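This briefing goes through selected parts of one protein model, topic by topic. Keep the structure open while reading and find each element as it is named.

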Amino acid sequence: MEVALVPADEKQQEESEFEAEVLRISRALFAQENEFQGSTYIGTAERDGVFVGPDSVTIVECTVSRHKNKAEKDGKKLQEACLAMARQNPFKSIKGFFVTRDEPTADQRTVIKGFGRPLIACSFAQLRSQLVDSLRYLELRASYPFGSAREPSSGDYSDLKPYVAVDPVESGTSESFSIDRVAQQVADGRSVLLYGDYGAGKSMFLRELYQRLAKDHRRNPFRPFPILLNLRDHQGQVLPVEALERHARAIGFPTPSQLVRAWRSGDVTLILDGFDEIATPGWIGRMSAMRDIRRRSVELVRRFCEESRASTSIVLAGRAHFFDSEREMRNALGVRDNSLFLMAGEPTEEQTKKILNAYGWHEALPDWLPSRPLLLSYLGSSSALYGSTEGTFGRSAGEGWHMMLDRIAEREASMEVGVDGFTVRRVLERLATQARRSSDGLGPISQDELTSVFQSVCGYAPDEGSYQLLQRLPGLGAMDSVDGSRRFVDVSLADAARAGDVVACVLDPNTDSPLLELTDSVACLDEVGVDVAATRLEAEGIASSGGSYSSAIAFQRRGVSDAVIGDIIRVAARLWPEDEPRTSISLHEIELRGFSLTADAKSYDWLSFQNCLIQELDLTDHSGYALPHFQNCLIGQMTGVAGWSALQADRFVDCEVAQFDAQMSTAKGILALKTTPMNKVLLTILKKIYAQRGTGRKESALFRGLDTRHRELVPEAVQRLTGAGLITPARSSGTRIYLPVRGMASRVRRILQAPQSSTDSILDD
């Protein structure tokens, strides 16, 4: 049998590295007053380590050898050294350690034991455990929460779904970094700053990184072990020692001072999660000093960075928009210049499927689904919680976003004592209303407006904890680093939140609504916002078409912007398409991304648009009833008709349309194609479902405009499209709807643009 021999130079390097590590631990244990002690001579013999303290003398001999004769040789040296030091220090206790890299063999222990006191044989791990019992820490830490990483349906932090790796990207280069690559960077001594918006999976990433580092430490005790602090547990603290001791008590670690010693000695990798979640008292009345307030709020983090050894890797994570700029974030946190700066990434379509697969979702992905891992988990856990007999989420865009806003608000409230989820949602909705003043409906929102909105919702000024909540509100990002203003960075979240005040004024038109302050042209709700408002009003059960239209007319008389009136009208038309207001309504100088005429309407003769900009007018479902009146309007895309000849001429006065549908992609054009009846039905359904952004079509609308022969083919066509992953079913308020599928819009567009020459597999030859 051949034995692999280690080259002499490698063996010598291995022994030197081991000796250096033993001396580092020994200094931390036995020479805190004089860290420059180490190897020295006693008489003419060199000793690996001699540490003289106020009350004790400790002598250390270390070896990588597992041979008995090495124990005999070093044991004799230790015994002689202990006797010599006892004569020199008669009033101090004497201890001699024979330290092996691995567990001492039985022969080695027997030899050292034979020398008697004060000699003891131990492994490096045993010696290190006197500094800190790292394995005990790792065991206890595993049973404590990791930031906000929890199972959405139950709040459980211990039984999480399998981690789906969503790689962050490096700031500046956009280079992707896998969890393994980040772990290697940390192992090599580099610090990391991970930042991103709410729900991007930062805590899950840190949890996975911690587990990788913990596993590496168990395999190799010479490597630092990870300590992970949830910074929300340390509000008001500014001293690292106090934070480490509180953390130890929180997880049940019996000797908090050990964590402090291990950190001081550079024996740990420090992971700090949630730098945006630490509140600092004393900010009230100092709204002009926001940067100073934020800087003081992260003083604990900054001191950790300043007081840690240069060799200690520090991993930080939090919401970037807590600060006005990346520069402010770096300076306030005190991160090292050579740190790796990473932005949390968004999951690919394949990763999105993996996240949802864990909750039992194996079908096509609805086009309206958000991209953040947290929101996907909310939806997935909700589906698992409520179930669905049809194997789908059973949620429209409105129901999904309504539920997610509740979950988001509850999650934020859980970080701040004294503010409940309902209040957080109302603040977010009110801020979304405030942002409607801008052309895009996203901001800016000044720091003064953040505070005044909180006070108007809660009835009192925010305290320091509530202020921290305002700075990290989900969906809000920094807009201007000079004045600290914020803006919504998630368009769908802003649109869903804007629906809140619209719903309130429909339910109570006499309320002192903030919408009354919106008297100029402001941003309208998009399809998601209309869907959320319709979902909420239907759930209330007390709203009616008459009440809704009366609210619109009453608010218009009170001088509210016509954009708000348009919102109420579109929501009412979504819920009660067959009803009409008793009084005609005219909308002036508003901008709509889209306006869809439902197939269930009887007439829009009561509605007129004047001097309006409509990006897309969807007439796909128009079935001959009276259209609204349009005067001096600019329409970007007219969907469902091929030209002016297909429209009621008296309904469009001095209007301009940038683009009509191609003749062959209109409902009439599709039915006139020389192709199979099944292909005509397939094309018609795709046209209807993909014409409306994200919100899909009711099942009944798929039959509209078809004769009896083609109607009979609709169920089979729907089944074929669902099976091919081009549409996906759901329910909205008990009504079956069909939604577009994420990533399929370009394929569908190619089919509809050239249906007769298309070779797509969904069509019959």
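The model is predicted.

- Helix α19 covers residues 491–507 and helix α20 covers residues 527–540.
- Their axes come within 7 Å and cross at roughly 40 degrees.
- The crossing in which α19 passes α20 is right-handed.

**Strand β4 and its neighbours**

- Strand β4 is made up of residues 56–63, and seven of its eight residues are buried, so the strand is largely enclosed by the rest of the structure.
- Strand β3 (residues 49–52) pairs with β4 in the antiparallel sense, over four bridges.
- Within this pairing, Gly49 has Val60 in β4 as its bridge partner.
- β3 and β4 form a hairpin, with three residues between them.
- β4 also pairs with strand β5 (residues 93–100), in the parallel sense and over eight bridges.
- In that pairing, Cys62 stands opposite Val99 in β5.
- From β4 the chain crosses through helix α2 (residues 68–88) to β5, and this β-α-β crossover is right-handed.

- Strand β15 (residues 585–588) and strand β18 (residues 607–610) run parallel and are joined by four bridges.
- Ser586 stands opposite Ser608 in β18.
- β18 pairs with strand β20 (residues 629–631) as well, in the parallel sense over three bridges.
- The bridge partner of Phe609 in β20 is Phe630.

**Ser545 in helix α21**

- Ser545 lies in helix α21, which spans residues 545–557.
- Is Ser545 buried or exposed? Ser545 counts as buried because its relative accessibility is 13%, and the cut-off for buried is under 20%.
- Leaving aside residues up to four places away in sequence, Ser545 touches Trp576 and Asp579.

Terms used. Residues numbered from 1 in each chain as written. Predicted model: local features only at pLDDT ≥ 70, side-chain atom pairs only at ≥ 80, totals over all residues. Heavy atoms only, no water. Pairing = 2+ DSSP bridges. Helix = DSSP H or I, 4+ residues; strand = E, 2+ residues; numbered from the N terminus. Buried < 20%, exposed > 50% of the residue type's maximum accessible area, 1.4 Å probe, protein only. Contact = heavy atoms within 4.5 Å. Right-handed = clockwise from strand over helix to strand, strands pointing away. Axes fitted to C-alpha atoms, helices over the stretch in contact; angles between N-to-C directions. Left-handed = near helix turned anticlockwise from the far one by under 90°.
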